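Subject: the model to look at

Hi,

Here is the structure I promised to pass on.

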Amino acid sequence: MFCEKAIELVRELHRMGDGQLPAFNEDGIRQVLEEMKALYQQNQSDVNEAKSEGRSELIPTIKFRHCCLCRNQRCIAAYLYDRLLRIRALRWEYGSVLPTAIRFHMCAEEVEWFNQYKKSLATYMRSLGGEEGLDITQDVKPPKSLYIEVRCLKDHGEFEIDDGTVILLKKNSQHFLPRWKCEQLIRQGVLEHVIS
Amino acid sequence: METQSYTPVPPGVGMEENFLSLDDILLSHERLPCRTESAFPRLGFLEKSADTRDIPEGTKMEMPLWLAKGLYERKRRTLSVDPPKTYRQGWRTVLGADPNVVDLHKMGPYFYGMGSQLLHFDSPENAEIAQTVLQTFIGRFRRTMDASQNALDADTSALVAPLDALERALFRAGQAGLAAYQRWEGGASGRIEASGLVVNYRKRKLGELQA
Amino acid sequence: MSDALSEASDLSGDDSQDVMTPTELIAKLEEAWLNEKFSPELLKNKSEIVECVMEQLTHMEENLQRVRKGDVKASIHRMEIDRIRFVLSSYLRSRLQKIEKFFPHVLEKEKSRAEGDPSFLSPEEFAFAKEYMANTETYLKAVALRHMPPNLQTIDMLKAVPEPCLDSFVFLRVKERQENILVEPETDEQREYVVDLEEGSQHLMRYRTIAPLVASGAVQLI
């Protein structure tokens, strides 16, 4: 049957229901596009024949192929759109710089989309209120305390806190830091929020 | 709960399909018993049992829901569709007797979705199919809800196994709610955590190293 | 939250219309926040509130600079600032998330808005929504659509991206008594019926039924 390649693309994403981004399946997309090209050409020649020779019995077949073309288009669009939703979530969970391992799974156009999305978001956030704007990707949980205890999960280097003090984030070291300064590092897995 | 993490396009409600929903695309890939009511010239190669050039009128073949929906027209018949056997009289009687004993995952896994989609095709059984689908859902809902609320940290695979896709989604929502409540009760909801994606990628990296 | 706020006064600024106290302002923000969080569709923007709260935060930050280091008052104020900033960010996040989720519909509504009607989107949100739409369309075109047969090179995003589900159920608290609210039947056996909503009472209802009351502020989503 037609559209088998297209459903494979969809299955591939559906299997990863937790939002992971699998490698962009360029080859899969190409194969679907090729099938579409072939279906379209067959339909064109059948349409011509139906018209010039009055062979209206070809119409069900033409319609059949047209359904397959639409189906392929839908599967590809859904595949691409679902990937965008995953990539969008990355901006909120990782911040604006993505780990190489993830970028490696994105195609050039996706990287372009991501960069544009970052830009739009930054423009929007800058436009909020005063000169600096408001970073709404921070403060994801209601604050319970100003300072929190954190443990360093990997070497991160120097880190400047509010009053200008610089501290060294070394693996396994423990610190008492302003909550809103370290939120993102926690989400990136550099620090761990310790609750005693 | 507010979340900025990945949320897929949800499936459509009732008889609707959402164009971009992966779930709906998989649902519409399910096959239905059909009978061609006109010939389909030059497509014979799709029908494995015959090696004719055309698919002749009156051929019985299984077609995916999306294709059946696309070809189906009330005025100009090219296709008729039969309800699959899990929606016919025999199974309707079983489901009517006790909906809880049936493994809808095996029968589906999109039992409710497919049941609703069948209503797109004219059939004298439509009213009864709709009724059975609705009553089955109502009859099983309580158990699905109870199961999701009473199995924290337990192995839920046996509970989830006989559930259809819609019930599984409800079950997961119930479990997530329960877990969030427990976290709040334990005072841990204020804990800032690494993004689920971060944790997963790290695990995978580890797996790759070990492999 | 009122205490730290009241130190930074005059937030109603230049216009002479109703003067809002900081406490009232924060109450308004929380109201808008909860409504936005729980309603399935994007509500009217509350740019005035957002602007006032932002000013307020700046003010408070400035005041904080003047407080001596190590003063107990300082950390209480910082906590206040953090909490207000959380509510504000969370409110704006919910809106942005809905704009992204429903962008074709949000933009369509904006387009079909009658002249003079207030916009649902703030100018900044409108700009964001337009960019999001353009970015996404460009992307789909570049990766796949332009390689497809001519009749399949466009996708009607309005049809492809689902609309907000107004039939979702929401919890609400009544702020102003309402009479004769028409409730649609849930089953074939039921008929439609009317209810009165008493002030202070709480209900679980279809969002569609009470959407106008959320907009007018007569009920609060919870």
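**Helices of chain C**

The buried residues of α2(C) are Pro22(C), Leu25(C), Ile26(C), Leu29(C), Ala32(C), Trp33(C), Asn35(C) and Glu36(C). Buried here means 20 or more other C-beta atoms within 10 Å of the residue's own, exposed means 12 or fewer, and partly exposed is in between, with C-beta atoms placed from the backbone. Helices (H or I, at least four residues) and strands (E, at least two) are DSSP runs, numbered from the N terminus.

Before you go on, note that this is a predicted model: local features need pLDDT of at least 70, side-chain atom pairs count only at pLDDT 80 or more, and totals for chains, interfaces and linings use all residues. Residues are numbered from 1 along each chain as its sequence is written, while chains are lettered from A and ligands numbered from 1 in the order in which they are written.

Back to α2(C), which covers residues 22-38. Its 17 residues should span 24 Å at 1.5 Å a residue, and the end C-alpha atoms are 24 Å apart, so the two agree. (The expected span is 1.5 Å times one less than the number of residues.) Helix α3(C), residues 47-66, passes this check too: 20 residues should give 28 Å, and its end C-alpha atoms are 29 Å apart, which agrees.

Which residues of α3(C) are buried? They are Val50(C), Cys52(C), Val53(C), Gln56(C), Leu57(C) and Met60(C). These residues cover an arc of only 160 degrees around the axis, so they sit on the same side of α3(C); the arc is that of the directions from the helix axis to the C-beta atoms. Glu48(C), Glu62(C), Gln65(C) and Arg66(C) are exposed on the other side of α3(C).

Ile49(C) is also in helix α3 of chain C. With 19 other C-beta atoms within 10 Å, Ile49(C) counts as partly exposed. Leaving out residues up to four places away in sequence, Ile49(C) touches Leu25(C), Lys28(C), Leu29(C) and Ala32(C), where a contact means C-beta atoms, placed from the backbone, within 7 Å. Ile26(C) is 23 residues from Ile49(C) in sequence, and 8.6 Å from it in space, C-alpha to C-alpha.

**Cores**

The largest nonpolar core has 89 residues, and Val10(A), Cys75(A), Ile76(A), Ala78(A) and Ala68(B) touch the most other members. (A nonpolar core is a set of buried Ala, Val, Leu, Ile, Met, Phe, Trp, Tyr and Cys residues joined through C-beta atoms within 7 Å.) Helix α3 of chain A, residues 59-94, gives the most to this core, with 14 residues. Another core lies apart from it, with 13 residues, including Tyr87(B), Phe111(B), Leu163(B) and Phe171(B).

As for Ala68(B), its contacts are Leu32(B), Cys34(B), Met63(B), Leu79(B) and Val81(B), leaving aside neighbours within four places in sequence.

**Chains A and B**

The contact between these two takes 39 residues from chain A and 37 residues from chain B. On the chain A side, α1 (4-15), α3 and α6 (179-187) each supply at least two residues. Of that side, α3(A) gives the most, with 19 residues.

Chain B has nine helices and three strands, in the order α-β-β-α-β-α-α-α-α-α-α-α from the N terminus on. Of its 211 residues, 28% count as buried. Among the contacts in chain B with a separation of 6 or more, 59% come from residues 24 or more positions apart.

**A strand in chain A**

β1(A) pairs in the antiparallel sense with β4(A), residues 174-178, over five bridges; pairing needs at least two bridges found by DSSP. In that pair Tyr147(A) stands opposite Pro178(A). β1(A) also pairs in the antiparallel sense with β5(A), residues 191-194, over four bridges, and there Arg151(A) stands opposite Glu192(A).

Cheers
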